[in-house]
Protein chains: 2
Amino acid sequence: MRAAWLENGQLSVRDLPGPDAAPGWARIRVTLAGICGTDLELARGYKGGFAGVPGHEFVGVVEAAPDAPEWLGRRVTGSITIACGSCDLCRAGLPGHCRNRRVLGVLGHPGALADCLTLPVANLHAVPDSVPDAAAVFCEPLAAALQVLEQVTVTPQTRAAVIGDGRLGLPAAWALARTGAAVTLFGHHPERTDWGAERGVRWQPADSGEPRAFDLVLEATGAPGGAAAALRLVRPRGTLVLKSTMAAPATLNLAGVVVDEITVVGSRCGPFPKALAWLAAADAPPVARLVAAEYPLDRAPEAWARAQRPGTLKVLLRPGIRNGSAAPSVLPLP
Amino acid sequence: MRAAWLENGQLSVRDLPGPDAAPGWARIRVTLAGICGTDLELARGYKGGFAGVPGHEFVGVVEAAPDAPEWLGRRVTGSITIACGSCDLCRAGLPGHCRNRRVLGVLGHPGALADCLTLPVANLHAVPDSVPDAAAVFCEPLAAALQVLEQVTVTPQTRAAVIGDGRLGLPAAWALARTGAAVTLFGHHPERTDWGAERGVRWQPADSGEPRAFDLVLEATGAPGGAAAALRLVRPRGTLVLKSTMAAPATLNLAGVVVDEITVVGSRCGPFPKALAWLAAADAPPVARLVAAEYPLDRAPEAWARAQRPGTLKVLLRPGIRNGSAAPSVLPLP
């Protein structure tokens, strides 16, 4: 198979042996894959010395599934954690936290920046016909945004803030606003002022928030200073949700957490079925706005460099387009 | 009045003008006061350059209350936060987090290491007759320990750990064990192995805990590295409770909090009525074990130095005993 390969922080494209689908597994031809902030953090040293195929946001078509033929030819995306099924956390209903887990493109299993990947059939989620590939590829980050609503009670009375108006913060703000909560989105991109306006998201410049004024603050900057900036906005007895995973150590003033009795909630992957249902709903999030550029797989290093530029939204790879067959479609900002 | 005075990190004893009780307030003759870790942190620079009378753990007798004569002569302890009653947090039922608050012996109001203090009548709590002064003086730290149970659900199935077997950790372990939870207390004092045994608390040496094995971990070391040590023991989706307030900045590996979806809960002051009820109950906590020494007020600098020694439990001051009238009763360890 053709795949992007990340090693010593450098991305290249190479031919690798194509994977077979073992019993219980499926082989999926990748249609479209996204580059996530976590992928870029892998290059910076998150998870130690990563060497392998990165990528965990994808949509594709099942082309082999030895003992689950009903999946053949179906359009799917997939949960990224491959659980052992037998450790105490799997048995306790937390397979996402499996002690022996592998994670697609992150830990011990080749990822989605390739023309082909494998996943257990149990991880597959069928994409509704009404959801195009260009939307379905956002299933994983939307699920991560929706996860906050699984962990924290949000009501129309909640004064919520999201710090960071990028590829993580925008979906998070949309997800929070879906509850009817008043959401203020703090960021560095005034051109995105109206991206959530119709959904009740109010944009404000970063660092302009009233200190200790929000019931719920979600940190989605992807930057080491983000947690401290977010903490400043949380009211006493309020909640701070952390979503960024970074190679650089991030610190928090714990005395402030104690004195103000703040609850800090770490939040990671989320419910794929709910994300797919949202993408199929009348109020589907405007994910097309999040696409900065689309590249063929063979130009993955260019795509990677583009994704690393500060302020870049989602960069997609389309493995079906081979080297030279198409220029990157660098979309204008909406 | 005679009072301990903390300034530039140095404690002295001096005569100060005695306070009057304004309408709505009470003047209390202090019978017994405790030195808390937070007091020692004030000397290290917590809350900036503290200059004043420290101390917020006390029991005493009301000797003036201009418009609440029913309190005269009663034995009391008192909540330490003096709230404005009119800010948004007071109106929201969170007077302990009042934006304009003063805090007895911590912030803007003279404290309890004195023969006399004032507090609003609304802050007073009558001490039941069955609770001796030597127990009632522990009301504030016991309330702080019980606060955890107000914030986090603890059941007999909860695997709980407390990090730190000192004046903060021991009451916290007892409070958690009262729910029937299995509590492991990690510390540096093997001589305290059996202090909680009869209540179901199992002692283990510090740093001997199985990583990621506990549903709930309470950090009560009072040391900057405590939070990180505690986090290592929390299972995925588990809860870390922080109780220490310190001058030194304490940091946490936020990537670990996100990936394991840990909930971190800051916890501070607690419910005085519940603490007094516990002290009056058949299963009252063995607070006498927590007393390391008792000094007259005039020897407060000695008492302070003693409290600063690593591993020291509670040092008490008895203002009624004047200079030279009694040697410190340095109690043997039980």
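## Salt bridges at a glance

Arg2(A), Asp15(A) and Asp298(A) are joined to one another through a network of salt bridges. Welcome to this structure, which is a predicted model. Across all chains, a search of the whole structure turns up 36 salt bridges. Side chains of opposite charge can pair when their charged atoms come close. Here are some of the pairs to look for.

**A pair in chain A**

- Glu41(A) and Arg44(A) meet through their side chains in a salt bridge, at 2.6 Å from N to O.
- Glu41(A) has a relative accessible area of 8%, so this residue counts as buried, the limit being under 20%.

**Asp215(B) and Arg159(B)**

- In chain B, the side chain of Arg159(B) reaches that of Asp215(B) in a salt bridge of 2.8 Å, N to O.
- Arg159(B) sits in strand β12 (residues 159-163) and Asp215(B) in strand β15 (residues 214-219), so the pair ties together parts of chain B that are 56 residues apart in sequence.
- Arg159(B) is partly exposed, its relative accessible area being 38%, whereas Asp215(B) is buried at 14%.

**Asp215(B) and Arg235(B)**

- Asp215(B) also forms a salt bridge with Arg235(B), and their closest N and O atoms are 2.6 Å apart.
- This pair links distant parts of the chain, with Asp215(B) in strand β15 and Arg235(B) in strand β16 (residues 234-242) of chain B, 20 residues apart.
- Asp215(B) and Arg235(B) are both buried.

Technical notes:
Residues numbered from 1 in each chain as written. Chains lettered and ligands numbered in written order. Predicted model: local features only at pLDDT ≥ 70, side-chain atom pairs only at ≥ 80, totals over all residues. Heavy atoms only, no water. Salt bridge = Lys/Arg side-chain N within 4 Å of Asp/Glu carboxyl O. Buried < 20%, exposed > 50% of the residue type's maximum accessible area, 1.4 Å probe, protein only. Helix = DSSP H or I, 4+ residues; strand = E, 2+ residues; numbered from the N terminus.
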